[in-house]
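Me: I'm new to looking at protein models. Could you walk me through this one with some questions and answers?

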Amino acid sequence: MTLLGISSDQPGRDIASLDFFKGREAWGWYGEAYLEAASVLIRECLTGEEKSFVHVIPIMFLFRQSIEIKLKEIVLLSHSYLGTTPKNLPTHQIMDHWQEACQLSLSIDSTHSSEDIAAQNAMNNLIAEMQ
């Protein structure tokens with residue numbers, strides 16, 4: 001069995017022994033799982049015998065969940081690096097998480113190129129659409 005690229009037949013990598021639900025590392029696993037599930041549904045929609053687009057809403061949900069969880073992971077890791085405490089982690093407001101991640105990135109490194117700013121603005125627009 002393979003889960004997120006980890007095979008149960010790989011020596012020393014027993015899936016049943018992995019603790020997905022505890023600790024800071026769990027955020028990454030959840031985000032990756034939602035992203036992988038969305039990718040599977042997209043492939044099925046595009047290559048399946050029945051090219052059904054009934055999965056569009058679940059795909060968008062999975063992408064949004066993946067982004068939310070990845071932003072929470074960034075916020076947690078940034079706060080850990082800075083020795084500070086997260087503010088809005090329990091909420092599902094991805095714009096709040098995005099804005100906090102942007103503020104934390106400035107606390108870590110205040111230099112941003114024009115490409116960084118353009119990417120940040122594009123991401124801001126995408127997240128605003130997902131709210």
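Me: Happy to learn! Which residues have the most contacts inside the largest nonpolar core?

Reply: Good place to start, and keep in mind that this is a predicted model. In soluble globular proteins, nonpolar side chains tend to be buried together. Here the largest nonpolar core holds 13 residues. Inside that core, the ones with the most contacts are L71, V75, I94, W98 and I127.

Me: Which helix gives the largest share of this core?

Reply: Three helices, α2 (56–82), α3 (94–108) and α4 (114–130), each contribute at least two of the core's residues. The largest share is 6 residues, and the helix supplying them is α3.

Me: Let's zoom in on V75. Which residues is it in contact with, leaving aside its neighbours within four places in sequence?

Reply: V75 is one of the residues with the most contacts inside the largest core. With those sequence neighbours set aside, the contacts of V75 are P86, L89, H97, E100, A101 and L104.

Me: How many residues are in the other core, the one that lies apart?

Reply: Among the members of this other core are A38, C45, I59 and L62. The core lies apart from the largest one, and its residue count is 5.

Me: Is C45 buried or exposed?

Reply: The cut-off to remember is that buried means under 20% relative accessible area. C45 has a relative accessible area of 5%, so C45 is buried.

Me: How many disulfides does the count come to?

Reply: A disulfide is a covalent bond between the sulfur atoms of two cysteines. To be counted, the two sulfur atoms have to be within 2.5 Å. By this rule the number of disulfides is 0.

Me: Now for the outside. Is L46 buried or exposed?

Reply: L46 sits in helix α1 (residues 25–47). Together with F53, V56 and M60, L46 makes a nonpolar surface patch of about 410 Å². Exposed means over 50% relative accessible area. L46 has 52%, so L46 is exposed.

Me: Last one: in what order do the elements of the chain run from the N terminus?

Reply: The protein chain has 4 helices and 2 strands. Starting at the N terminus, the order is β-β-α-α-α-α.

Notes. Residues are numbered from 1 along each chain as its sequence is written. This is a predicted model: local features need pLDDT of at least 70, side-chain atom pairs count only at pLDDT 80 or more; totals for chains, interfaces and linings use all residues. Side-chain values use heavy atoms; hydrogens and water are left out. A nonpolar core is a set of buried Ala, Val, Leu, Ile, Met, Phe, Trp, Tyr and Cys residues joined through side-chain atoms within 4.5 Å. Buried means under 20% relative accessible area, exposed over 50%, partly exposed in between (1.4 Å probe, protein chains only). Contact means heavy atoms within 4.5 Å. Patches are made of residues with over 30% relative accessible area and no salt bridge: like charges are joined within 9 Å, nonpolar side chains (Val, Leu, Ile, Met, Phe, Trp, Tyr) within 5 Å. Accessible areas come from the Shrake-Rupley method with a 1.4 Å probe; for residues, only the protein chains shown count as cover. A salt bridge is a side-chain nitrogen of Lys or Arg within 4 Å of a carboxyl oxygen of Asp or Glu.
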